[in-house]
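Hi everyone, thanks for making time.

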Amino acid sequence: MRRKRSGSPFSLFSFQDAITSVCGVIVLVTLLMALDLTRRVADETQPATVAREQVEETEKRIDELRRNLAAVQAQLDETAKLDEGALGVSLEEVQAQLDAARQRLQTTRDENATLDERLETLAATEEQFKAREAQVEAMRARADAARKDAEKTVAQAEESEQSVLYKYPEGVKEIPHYVDISGSKITVHTSRGEGEVKTFDSAFSFAKWAKTRPTGKEYFVLIFRPSGARFASDLQSELDDLGFRYGIDLIGESRSLVFLPAEGGAK
């Protein structure tokens, strides 16, 4: 048989531990609440102190500014009390002088703008003159070259008996047509106007072309070679009927025609 245990079967240690733990938690919570209340009171008290200090500082600044303003106003009052006689000129006169100075300044600016425009125009004109001078120099060079060629041609023609020289007239408004007439063709050399050589195979075709020319502005020089003498009467009759002025010249059959420009380079 088993022996019975002696003593009480229940223990109170667990209950005591629980009671002790609960009390400790309550005490801890109470301390935390007390600490939080203390912080809140301190936070509510500190802003009020800072705000009071800022207000006092602002009031001091306002007083200082008021004193400065009073000093400036006093200086302005002293300046306003100056006698215009001591200055030697009134405020109205000073304002008028300022207005006149502004007007002169604006006038000067306008004149400067006008001068700038004139300078630009003069620069453009100078460029045009330079371009024209270059053209004139080029024309002079061409004229010199043409003069040298003409002198060379004249020298060659003078040395050769196979050439006949014709010089275009100067200061004549009418246009001359030099008509080289041979048995095979009729060749027209024009000094101005069309500036080209025309060739016809018969007196009829030449007369047909001559009818299209203005009678009061042009005239003909008929240069007959021996082989073209048979066209003489027909050509003269046609020109007479059309009312043209004309002249007649006779040359050898094999001689060539050399045409020289008029003085000044006119062709």
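Let's begin with R102, which forms a salt bridge with D99; their closest N and O atoms are 3.1 Å apart. Please keep in mind that this is a predicted model. Where do these two residues lie? Both sit in helix 3 (residues 91-159), three residues apart, about one turn of the helix. D99, at 40%, is partly exposed.

Now over to helix 1 (residues 13-80). Here the side chains of E64 and R61 meet in a salt bridge, 3.4 Å from N to O. E64 and R61 are three residues apart, which means about one helical turn lies between them. E64 is partly exposed at 34% relative accessibility, and R61 is partly exposed at 47%. How many salt bridges does a search of the whole structure find? Six.

Five strands form an open sheet with mixed pairing, in the order 4-3-2-5-6. Its edges are strand 4 (197-200) and strand 6 (245-250), each of which pairs on one side only. On average, neighbouring strands are turned by 20° against each other, direction ignored. Within the sheet, strand 2 (residues 175-181) and strand 5 (residues 218-224) pair in the parallel sense over seven bridges. For example, the bridge partner of I175 is E218 in strand 5. Helix 5 (residues 232-242) lies across strand 2, strand 3 (186-190), strand 5 and strand 6, and runs at about 175° to strand 5.

The largest has 17 residues, and V179, I181, I186, F206, F220 and L235 touch the most other members. Strand 2, strand 3, helix 4 (203-210), strand 5 and helix 5 each supply at least two residues. Which element gives the largest share of this core? Helix 4, with four residues. Apart from this core lies another, of nine residues, including V164, Y178, I251 and L257.

Finally, take a look at I186. Leaving aside neighbours within four places in sequence, the contacts of I186 include V179, I181, F206 and L235.

Key. Residues numbered from 1 in each chain as written. Predicted model: local features only at pLDDT ≥ 70, side-chain atom pairs only at ≥ 80, totals over all residues. Heavy atoms only, no water. Pairing = 2+ DSSP bridges. Axes fitted to C-alpha atoms, helices over the stretch in contact; angles between N-to-C directions. Contact = heavy atoms within 4.5 Å. Core = buried A, V, L, I, M, F, W, Y, C linked by side-chain atoms within 4.5 Å. Buried < 20%, exposed > 50% of the residue type's maximum accessible area, 1.4 Å probe, protein only. Salt bridge = Lys/Arg side-chain N within 4 Å of Asp/Glu carboxyl O.
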